[in-house]
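User: Hello! I would like to learn how to read this structure, one feature at a time. Could you take me through it?

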Amino acid sequence: MNIFPKLPTPTFRPGAFLLLLCSLCCLWSTPAFSQSYPQNIYLTYTLPTRVVAGTTLSLTATADSQQPVTLTSMTTSVCTISGGTVSAVAAGVCRIQAVQAGFSIYGRAVSDLVFMVFATANPPMPTAPLLYMLAYVADPGGSSLALYAIDTTSYQVVNAVPIVYAASALIVSPDGNRIYISDNLTGRVYAYDALTLRITAYAQIEQFLGAMAISQDGRTLYVTTHGADELLSVINTANMQLVNTVNTGTNVSNLKFSADGSKLYLVGDYHTSVLDVISTASNTVATTLPLTSRAAFDIVLSPAGDRAWVSNELGGGFETIDTVHNTILQTFTDPNGGNPPVNLVITPDGKTIYGLASASSVSAFDTASNKATTNITLPGYPFALAISADGKKVFVSNFGGLTVIDTASNTATTPNTTCCANNAFSMAVAIAPTLDASQITPQAGYWWNPAQGGTGFTIEKGASGSVFFASYLYNANGTALWYAAGPAQMTGSTFSAPLAAYSGGQTLSGSYQTATTGPSPGNVSITFTAPDAATLTWPGGTIPIQRYEFADGGLELPVVATQPQSGYWWNPAEGGRGYTVEVQQGSAFIAAYMYDTNGNPVWYASGPATLTGNNTYMGTLSAYSGGKTLTGNYQSPSGTTSVGNITIQFTSNTTGMLTLPSGRQIPIQRYGF
């Protein structure tokens, strides 16, 4: 009997669709004598939390023409495909290409599935800053998008996931823990965990989203909207809720914060060019400054915040602005020729601005003299820029992948990032600071080792920063047994505490009595390498553990605010026993830890079962036996016994009424620590 069964995890369950970019229209054309219509390819797949070398997954593909779709591995050293089975061979980026050659009125169609294959389910935490890049694999039959995380020391891809929506912008939180990507079609802004590249939440705004900017404390995200409204949307990143909108009246191209965060500078309006200054305290337009050139495109500010430089897409070069007095000081152009610079970054010392200056170059500008100092030739058409925190490197996303500029010598190199095919291009790039291991927050809920089904753990990091741990095991005589540890503060990314053994407490149907603490069987130490992956060491040895997914795709979608919170629950009047609750995809899994009639600690489990529309859970509560002991070899549980039914009517996401098998009702609430 396996109460923690291994279920597939879909990374992006919806069928992938072709994202056709108008910027590519000029690259391929249909001969005049051939009339055909574009068709979509729909990929259906389920990806586990991490695809590990040596495992397999299924992939099917259909097309609008209803004709067969050919699946081919473009990276056979990493993954192979036979029929509808993808085999992960070795660590690296896997790319499976689906092609429908065309039929009748339908033209050729192509779609790619890109994902990372890991050597282990618990990869080490990156030690260098990560570069995040949105890159398309382009083909005459279509294009497919993926998000890559790239180590900026080795330039190797450390993670990759497919993107099945029309991404329009990419930004990283100041602490490097989150990535935000806007979806131009649905009007959503998705928040990703920076390590796992999993969606944790999203904000719903409206269609035609543009540029984004985030406050220095990471609490507020500003998103521009293109269209009739021309709104600036203000999002609280804690809950990804829209909290305000600003009607700018400007078709904004880009926006940047002042050094102190009190102002937000917006540039845009293709025909007239203006600079809007937003007060972030009141979220109102404080100043509007008309610019002298057309098509203002991007803006950078000096470290002191007293100067701004605005690029113009049509012939105007730069405009230098005194931001203290809101006056234009100077307009200058690139004497090296080429188009005016558009996308801009500025070095941390404020001395040099780098801008995309033409279809194949980046210009460096000296801010003291307001003159271009050099043009740096690129191997492909550039799309966007990012600069390292120390200012030593400028990263350029371009047709063909990634180019890195050494700012000391102003020379460009193209590292082998393994991220992109020969005809790929990257549309956005953003750099994150080196992640601090102490900032990892373990996901609250059930954890397990997939090789040891029938045993498991509950882990939660409370508001105080302390971690509370519980384990579900078995006695030597086969009866269920649980231990607890904490709450205790983490040191860096490691939680350590003595295991606590309790006895003599309240039974399932008995009246309350205080539990007593017995001798500790030893210590437990858990080192987290990601919010969903860790290494556990205790008297039973050292094992990798990961989040347990009990509902198909349950760890993918953001938490629904109205559903019960995942973690520990209890009745404050019945200390010594409690419950763990987790909801995934509308299904709940419940565990109860208490005592048998002999005073021994025992646990029960129920579910998964679907919550009804009014957040009510109903299921059978079962006792398990015969599984792995703390220090023994693994063995699968051998028996399951029903002890009756339970019902929980959740009255809010932190409170509920529990009906036990005896019919007794007790109020329960979230356990805070």
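Analyst: Happy to. Let us begin with pairing: two strands pair if DSSP finds at least two bridges between them. Strands (E, at least two residues) and helices (H or I, at least four) are DSSP runs, numbered from the N terminus. In this predicted model, β47 and strand β54 (residues 665–670) are antiparallel partners over two bridges. Within that pairing, Trp569 has Arg670 in β54 as its bridge partner.

User: Before we go on, what are the ground rules for the numbers?

Analyst: Residues are numbered from 1 along each chain as its sequence is written. As the model is predicted, local features need pLDDT of at least 70 and side-chain atom pairs count only at pLDDT 80 or more, while totals for chains, interfaces and linings use all residues; side-chain values use heavy atoms, leaving out hydrogens and water.

User: How many bridges join β47 to β48?

Analyst: Three bridges join β47 (residues 567–570) to β48 (residues 578–584), and the two run antiparallel. Gly567 has Val581 in β48 as its bridge partner.

User: Is Tyr568 buried or exposed?

Analyst: Buried means under 20% relative accessible area, exposed over 50%, and partly exposed in between (1.4 Å probe, protein chains only). Tyr568 sits in strand β47 and has a relative accessible area of 0%, so Tyr568 is buried.

User: What about Asp298, buried or exposed?

Analyst: Asp298 lies in strand β24 (residues 296–301). Asp298 counts as buried because its relative accessibility is 3%. To read its surroundings, take contact as heavy atoms within 4.5 Å. Leaving aside neighbours within four places in sequence, Asp298 is in contact with residues including Lys256, Trp309 and Asn343. Asp298 and Asn343 are 45 residues apart in sequence, and their C-alpha atoms are 5.7 Å apart.

User: Which strands make up the open sheet of eight?

Analyst: Their order is β40-β39-β38-β37-β46-β45-β44-β41, with antiparallel pairing. β40 (480–489) and β41 (494–498) stand at the edges with a single partner strand each, so one side of each has no neighbour in the sheet. Inside the sheet, β37 (residues 445–448) and β46 (residues 541–547) pair over two bridges, and Trp447 stands opposite Arg547 in β46.

User: How should I read a nonpolar core?

Analyst: The general idea is that nonpolar side chains tend to be buried together in soluble globular proteins. A nonpolar core here is a set of buried Ala, Val, Leu, Ile, Met, Phe, Trp, Tyr and Cys residues joined through side-chain atoms within 4.5 Å. The largest one has 45 residues, of which Tyr579, Trp603, Tyr617 and Leu658 touch the most other members. Strand β49 (residues 587–595) gives the largest share of this core, eight residues. Another core, of 30 residues, lies apart from it and has Val467 and Leu536 among its members.

User: And the chain as a whole?

Analyst: The chain has zero helices and 54 strands. Of its 673 residues, 55% count as buried.

User: Where is the pLDDT below 50?

Analyst: pLDDT is the predictor's confidence in each residue, from 0 to 100. The chain averages 86, and 89% of the residues score at least 70. Over residues 1–34 the pLDDT is below 50. Where pLDDT is low, the predicted coordinates should not be read in detail.
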